[in-house]
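Open the model in your viewer and keep the selection tool ready. The tour moves from one stop to the next.

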Amino acid sequence: MGTPSVLFVCVHNAGRSQMAAGFLTALAGDRIEVRSAGSAPAERVNPAAVAAMAEVGIDISTENPKILTAEAVQASDVVITMGCGDTCPVFPGKSYRDWVLDDPAGQGLEAVRPIRDEIRAKVEALIAELTIGSVH
């Protein structure tokens, strides 16, 4: 089996999906391919999400919200949605998960920290699931 790939999707691709992608990249390295996108991307990544991730040593300040494309979904093994409901395209043969997380949009750093920590825990569990049996 090749490298598993994960696509994180939320509406604006500015908070939750960017934090999840940041954690997965930092914690899994090149063991898992990481993408993120939004059904209606914001102009920039949420500054509170950037600050919350910086507190744990992960820099997502250079990321840009990206539009969700069918190609990105088709190129991914696992698609994790975060509050985008029916706007996320569904393709047969893909593994879909919906992570229910509070939306950090418009929230201050205090409110974003627990969301960040919940995302980290979910990402750590995902890495364990996707890399079981992998030899490194």
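Select H1 and H4: these two helices cross in a right-handed sense. The model is predicted, so treat each stop as part of a prediction. Turn the view until both axes can be seen. The axes of H1 and H4 come within 9 Å, and they cross at roughly 45°. Angles from 65 to 115 degrees would count as roughly perpendicular, and those under 35 as roughly parallel. H1 and H4 are therefore oblique to each other.

Now show the side chains where these helices meet. From H1, pick Arg16, Met19, Ala20, Phe23, Leu24, Leu27 and Ala28. Across from them, in H4, pick Val112, Ile115, Arg116, Ile119, Arg120, Val123, Glu124 and Ile127.

**The largest core**

Which residues have the most contacts inside the largest nonpolar core? Select Val6, Phe8, Trp99 and Val123. This core has 29 residues. Strand E1 (5–10), helix H1 (16–28), helix H2 (47–55), strand E3 (78–82) and helix H4 (109–131) each give two or more residues to it. H4 provides the largest share, seven residues.

Stay with Trp99 and display its neighbours. Leaving aside residues up to four places away in sequence, Trp99 touches Phe8, Ala20, Ile80, Thr81, Met82, Gly83, Lys122, Val123 and Leu126.

**Ser76**

Next, go to the loop between helix H3 (70–74) and E3, and pick Ser76. Is Ser76 buried or exposed? Its relative accessible area is 0%, so Ser76 is buried. Look for a polar atom of the Ser76 side chain: the backbone oxygen of Ala72 lies 2.8 Å from it. Not counting residues up to four places away in sequence, Ser76 touches Ser5, Val6, Leu7, Arg35 and Lys94.

**Ala105**

For the last stop, select Ala105. Where is Ala105 found? It sits in the loop between strand E4 (95–98) and H4. Ala105 has a relative accessible area of 43%, so it counts as partly exposed. Ala105 and Ala48 are 57 residues apart in sequence, and their C-alpha atoms are 8.4 Å apart in space.

Notes
Residues numbered from 1 in each chain as written. Predicted model: local features only at pLDDT ≥ 70, side-chain atom pairs only at ≥ 80, totals over all residues. Heavy atoms only, no water. Core = buried A, V, L, I, M, F, W, Y, C linked by side-chain atoms within 4.5 Å. Buried < 20%, exposed > 50% of the residue type's maximum accessible area, 1.4 Å probe, protein only. Helix = DSSP H or I, 4+ residues; strand = E, 2+ residues; numbered from the N terminus. Contact = heavy atoms within 4.5 Å. Polar contact = N/O pair within 3.5 Å; in protein donor to acceptor, adjacent residues only side chain to side chain. Axes fitted to C-alpha atoms, helices over the stretch in contact; angles between N-to-C directions. Parallel < 35°, antiparallel > 145°, perpendicular 65-115°, else oblique. Left-handed = near helix turned anticlockwise from the far one by under 90°.
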